[in-house]
Structure formats: C-alpha cells, structure tokens
Amino acid sequence: MTAQLPGWKSLPPGAVITRPGSTVEYKTHDWRTLRPVIDQERCIRCRLCWLYCPEGTIIELDKPYTTKAGRKYTRTYEINYDYCKGCGICAQECPAKAIKMIEEVR
Amino acid sequence: MAGKKKLPLSGNTAIAYAAKAADVDVISAYPITPQTTIVEKLAEFVANGELNAEVIHVESEHSALSAAVGASAAGARVFTASSSQGIALMYEIMFIASSMRLPIVMAMATRALSAPINIWNDHGDFMAASDTGWVMMMAHTNQEAHDDVILAYKIAEHPDVLLPVITAIDGYFMSHTIEPVEPIEREEALKFIPKKVTWRVLDPDNPVTMGPLGTPEWYYEFKRQQHEAMKKAREVFDEATKEFEKTFGRNYEPVEYFMMDDAEYALVAMGSVAGNVKAYIVREARKRGIKLGLIRVKLFRPFPAEEIAEVISNLKAVGVIDRALAFGSSYGGPLYGDTLSAAYIRGIDTPIVNFVAGLGGRPVTFHDIKTMVDATLALDGKTRKDVPKEPYFIGVRE
Amino acid sequence: MSTKPKIPTIWDIPREELFAPGHRMCQGCGAAILMRHITKALGKDAIIVEATGCVEVTTTVYPQTAWKHPWLHIAFENAAAGASGVEAAIKALKRKGVIPKDKKVKVVAIGGDGGTFDIGLQALSGMLERGHNVLYIVYDNEAYMNTGIQRSGATPYKAWTTTTPVGKVWRGEWRPKKDIMGIVLAHRVPYAATVNPAYITDLYMKVRKAVEIEGPTFIHAFSPCTPGWRIDPALTVTVARLAVQTGVWINYEVENGEFRVTTPVSRRKPVRDYLKLQGRFRHLTEEEIAEIQRMVDEEVERINRLVGKTVIGPVVK
C-alpha cells in the first residue's frame, strides 16, 4: 500500500505541507448516513445553513431563483455532497424547514 | 591573522561574543547555572544597542526552545543556551526542533543532572541530548567555544543539513574560566555566515503548514531524511572547517589528535578533561618513555567513527574517559559505547577499556589520570576479550 | 475606553472560505464551525500557531492541510510560547528591514482547553505577561476529547467523562470549572472576550477587534463536542445557543478593564433545558440539577453586579 507513495528522497524536509487547503483532495462524503436536501421553493435565503455548516460544504451562489409563486431571489444555496458528513445542523437550524435529511443510498 | 586583538574572556562570554558577531535576530533563554552569564552578556549587548535582537524572557526552558522553534520557523536566526535541568526540560522540544529541520543554535554549559541537585560539571546533560537529532560539538578552549558558534550556524543553515546544533563547553571549568580569546568581528563573521534563509518559513504571502500529523505511511521517511541530514552535516563540517581555517587561521577537526604520531596507547576524552590528559602526557608519560597520546572528540554527533576506528587500529590499548553514565547499558559510559561500536564493526581488535570519572564536579586529578593510564597499559598484548566488562569507577569512594 | 463596535450582520461575514473542507473533525463538530469563522474574521494576514489537540490532528494529516494560513504546530503545552517566538521574530526582522515595516501580520495561537487551562497555562501566562502582540484563542470542549473524553480543568461540575465516570461512589466531575477568564484578566490584558458558535456575528466582531488591538488578547470559545458531550450531531448549535439562553455561558468582553455583556438574556431558560440534551449529564438527579441551577444563578448575579444592572434576567419557565 505504501509502495506507491513517494520515497524519502523526494519528500520536502521537515514534513512541511506547501499546498494550502489541500484537504479538498480528501472527500468525506462516505461519513454520511443521512443526506440534506434543500427545497429551493421553501428556502428563504437567510444564510443560516451556510453559517453553521462545520464543513463549509453549503455553497452560496449568485444564481437567481424564482419560486413558483413568483418570489425572486438573487442567491441560491446548494450543497457540495463531496464533503457533507450528514450531521444535520443545517436542517435543524433552518427556520423555513426547507432542508430535509433523507436516507443516503449508495 | 597574527596581531589581532585578544580579549580575556570566560567561556560563556566568548560564546556571547560569537552570537553577537552572528547577528542573531532572536534570543530566547531562561536562566540556569552555569549557562546564565551567556544570556546576561547578550542582554547587555542588546541593552547597549550593540546587537539588534529580540530577547524573549521566557518563563521556562521548555518555552525557551518552543519560542526558538517559533522564531526560527518565522525566518529568524535564533540563539538559545542552557544546562542540565534546563536541557532536561527542553527534551521534548529538542526532538521537534531537529525533526522540523530548524537551524537553531544552542550553547550548552554542561552540568550534572539531578538528583541530588548538583550545579557542577559532568556530561550527563550533553549525553542525554545525544539522540535528539541535533548536531553536537564540544569545545576544549574558550577560543574554540567562540569559534564553534560561528561554525554552528554555517552547518545548521546549510540547505543540505538544516539541523539544530549544540555547541558545548564544560560548566565552570570553561564557562567561568578566563582565557585569551580573539573575537571574530560582526563583518567578518557575516561574510562567513551570510544571513540567508535557506528553510521554509511562515509567511502569509506563501502559506505553508509546519508540524503536521505523520501517519505510519509517512513518518518513517522523515526519520530516514534526518539520518541523511546528519551524514551531510559531517560533509558540511569538513567544508566549513576548511573555509574557517582559510578565513580565520584556526583549524578544527572532528577529532583532535595530541601526540598521536608515534603513540602506542591513547586516552579518548571530551571537553576540559582533555587539558589534564595533555598535561599528563607531556609532564609524566612521555618523560617516563610511555608513548601515550590523546584522542579528543570534538564532533560528537555525527560521531566521527571512521577517524577514531582508524587511529585506534594502530594502537596497543585504548582507554575511554566518560564523564557520564549510561545506567544499565552493556558498556558503561556513552562515549565508550560509541567508540566500541566504531571499532567493532570495523573488525578492530585493540583492547578498549572504559573509565567513568568526574561525575557531578568531582575533580579528575593527575593521580586519577595515572590510574587510567596504568590500567590501559596493563592491556598491552591482550585482546578485546580480556577487557574488563565493567567500567573502572575512577575517584569514587568504595 | 471601550470603542463603539460596529455590530456586524450575518451578511458581513465573508463568503470566501479560509478553512478547507476534507478535514477529519467529527460530524457536527463545534470547533469546526469556530475554525471556519475564526479564519474568516482573521483575514489572510495572520500566522496561526496551534497546540496539539483535536483541531490540530484532524486538519493536518500529512500530506494535506485544511489551513490556508501559514500554520505551525510544535507540541501540546507550548502554543503560546511558539507564538511568542513567531511574534518576536517578525518584530526583529521588521526592525532590521528584512520584512517590510508596513507588512501586516497578526500572530494567533489556538489551543483546546487541555492545552490552555491545564498543560499550557504556564506558557500562556508567560506570553500574556510579556505583552506579545498575539491573539490566543481557546476552543473549550470541556475535556480531553482528542484522547477520548478525559476530564480537564475545564470540565464542568457533575459532567461524566471517562476519568470521572458515574459509579456507586462517583457522580461525574466533582469540582467546578476553572475560571480561565479570571486568570487571563489578572494579567491586565487589553482585551479578552467569550464567544459561542451559535452567535457568529458576535464572534466575528470580537475576533476582528482582538486582531486590531496591539498586545496580548484572549478569546474563550465555547465548543460543543458531539461524541464527548453525548449529543446528537444535529444539535451542536442548539446546545450552544441553550448554553447562552440558560446563562450557563455568557458572551462578554473586557476591553481595557471595561466589562460588557454582548448577548444580554432578558429571560433565562432553566439549566435543565441545556443539560437534558446531553448524555454526559444524563445521570443527574433533580437535586443535582437544582444545585447546578443555583451555581448558574450565582454566576449570573456576579456578572450583573459587574455590569451594574441586570443584563442576564431571571429564569422564566
């Protein structure tokens, strides 16, 4: 297993990591048993799910959205399922009850 | 180089002058006898504007070395100093400093370890540091103590090395004893050791993570690198001492040989006790026709095994003086252990005997040296199988 | 003199993430929420020195790092000493012209409660007393969570931990939580504050303030731990909010000796509401809950006396 990894001669001295934010290479989605799903119709764009997510996995996009009732929003919140660990804080904190935790099927 | 001004300096003051000449940026140290006057002198230099450095008045040696690691990681040339219990308290961070490959220089005024508490000299603290991954040197004169600090930065900051360095002197015997020393001036020192950051540093414009978690898939590779860095340190030591001699006219070797050209017997020693042995050789042994010489180990880590084994191979018998004990080991004293293994793996059959002497400031007298020489001579014509399996405890009351 | 703070709104928190996902902090980790917003509030011009602990081991598994700041970990008990060294180096190198004098760099030390209240207390005291320009942040999850929930000096009264188990003789931790803010304030630091991950704008404002103030500053952060407190990962923020609403935790700041509660609570909820969500307090009897309520009431009274008026109100059922 370790044979494919770089040998001591090619590693930087002192185990310095020179790639900031490189944990993005490590996906944590398989920690999840429940999957949060945002109902864009019910979402009131309050930012609380984005605020409280421990993973920073709720993405705030400047992507307009118009509800069926005609309400216009300039932002949309989406979930990056690569990193979501399924803690459920977003659903718990959502004041509009717009996030549901559904069973993860793989 | 003749005609340069010499100053009467204690070992500690000689070291402080060298740190000043190296234009260190950060001094992080805690008072402990017999090291204290090094940092007192440096504080005086900074107080008088003779040295532009930050002095961190840390609240312990553990923090002294921790702050030194932080400062070095931020790109500063860092100096610290300690002794005995201070070294023991730093122990955890000593491994981290070398593993993080930070070129910190620490002066050590060697002193016995507690208990009983004892402020006098032996090599217990120095030997306790011997497996922490630091390059280690021990001087024998105050001039050498001064020069070692300059050499230390040259070795530590070499991009192929990047290891912290200990420059040691014997507590009191050297730290508080005055000798004539020719100090190296700042300008000439900085030509020899230019201020250049050769290691990765903490900088918001180029962020790096230092000190991560190393899992079993990665940890071993970094230890293997440290072993290699030690080997490089030896190469760099040889280059640096050559350049030093050209620049400053003083020659240092990893091992000093005294009257070894025609020697049949030798004592191996480190630090100030080498002076007593030299005096004994000249005043007693040689007068009695005994072809005795001295092998003084200056560079202890990396250990100059090749040189020592080679010189030992031509001798009839050798005695090793240890000023520390490795309790429960198969050998006795740590210097003996290194000397023995250097000889053994090269198939050398010269009998080598161990003397433990001068613990906790107990003087090593002329009479003690005579006892050691006699015991060494008694092995003439014998092989290593005949060597006593226990060290001789010299100067202890039964 | 307290500067009139501009209270940020939720929309003032920068969108850009300076703390990357893919870290191995637990599901619903309170410290992960803290780190996200601390790094946002610090901005890019900071160097972080981290003590050994949960956050350290889970964010820097070689060869990857969650950090986008320059970041240094040395050992457990010396984040404050390491940060002192970094700060001193920057000061010296600026004075010597190696680093541009106008380059803005704030040194920030981060440690858990074990690394701060207990093993790192000496180094912290030294750093504060010497006046280093360092912000020290403690994320307090009230036990040694990294090694598996052993009690620390920060463990609250009656809490179960693996070294204060509930048995026939013991009823969980029997000593009250150490007053770290009192210890820090005894060093007469220019700024010290408490923050809570349920109140992010308050946290953001305080970190910004602490960064701007020259000298040693300190932030004590409440940090719910889902495995250690035996709570549902979804309830991390709920529990954190209840801590404030019950008066178990009080958000305040002390600037140049001036004390100010930043999250007033006019009507308190009973502590039972906070305790009942946590498995570490499951063993408590009615009498024990009443005892904890009395302890919280006393602390609330002390705070109100300090402020000179009732900022934290009575318990209203």
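Me: How do you know which residues and features count here?
Reply: It's a predicted model, so local features need pLDDT of at least 70 and side-chain atom pairs count only at pLDDT 80 or more, while totals for chains, interfaces and linings use all residues. Residues are numbered from 1 along each chain as its sequence is written, and chains are lettered from A and ligands numbered from 1 in the order in which they are written.

Me: What makes residues of helix H9 of chain B "buried"?
Reply: A residue is buried if 20 or more other C-beta atoms (placed from the backbone) lie within 10 Å of its own, exposed if 12 or fewer, and partly exposed in between. In H9(B), residues 273-285, B:Val273, B:Ala274, B:Val277, B:Tyr280, B:Ile281 and B:Ala285 make the buried class.

Me: Why are they said to sit on the same side of H9(B)?
Reply: Because they cover an arc of only 115° around the axis, the arc being that of the directions from the helix axis to the C-beta atoms. The face turned away from that buried side carries the exposed residues B:Ala279 and B:Arg283.

Me: What do the buried residues of H9(B) pack against?
Reply: Strands S10 (255-258), S11 (265-269), S12 (292-297) and S14 (317-322), plus helix H12 (366-377), all in chain B. Contact here asks for C-beta atoms, placed from the backbone, within 7 Å. The helices and strands are DSSP runs numbered from the N terminus (helices H or I, at least four residues; strands E, at least two).

Me: Why are S10 and S16 of chain B called edge strands?
Reply: The open sheet has six strands in the order S10-S12-S11-S14-S15-S16, with mixed pairing. Two strands pair if DSSP finds at least two bridges between them. S10 and S16 (392-394) each have a single partner strand, so one side of each is left without a neighbour in the sheet.

Me: What makes S14(B) and S15(B) a parallel pair?
Reply: They pair in the parallel sense over five bridges, and the cut-off is at least two. B:Ile321 has B:Phe355 in S15(B) as its bridge partner. H12(B) packs on this sheet, touching S11, S12, S14, S15 and S16, with its direction at about 145° to that of S14(B). Such angles run from 0 to 180 degrees between N-to-C directions, with axes fitted to C-alpha atoms, for helices over the stretch in contact.

Me: How do you know S6 and S13 of chain B count as paired?
Reply: S6 (135-138) and S13 pair in the antiparallel sense over two bridges, so they meet the requirement of at least two. B:Met137 is bridged to B:Leu299 in S13(B).

Me: How do you know the length of H1(C) fits a helix?
Reply: The expected span is 1.5 Å times one less than the number of residues. For the 13 residues of H1(C) (30-42) that should give 18 Å, and the end C-alpha atoms are 18 Å apart, which agrees. As for cover, 13 of its 13 residues are buried, and just after the helix C:Gly43 takes a positive phi of about 75°.

Me: What describes the packing of H3(C) and H5(C)?
Reply: Two packed helices are described by the angle between their axes and the distance between the axes. The axes of H3(C) (79-95) and H5(C) (121-130) come within 7 Å and cross at roughly 35°. Among the residues that meet are C:Ala80 and C:Ser84 in H3(C), and C:Leu124 and C:Met127 in H5(C).

Key. Contact = placed C-beta atoms within 7 Å.
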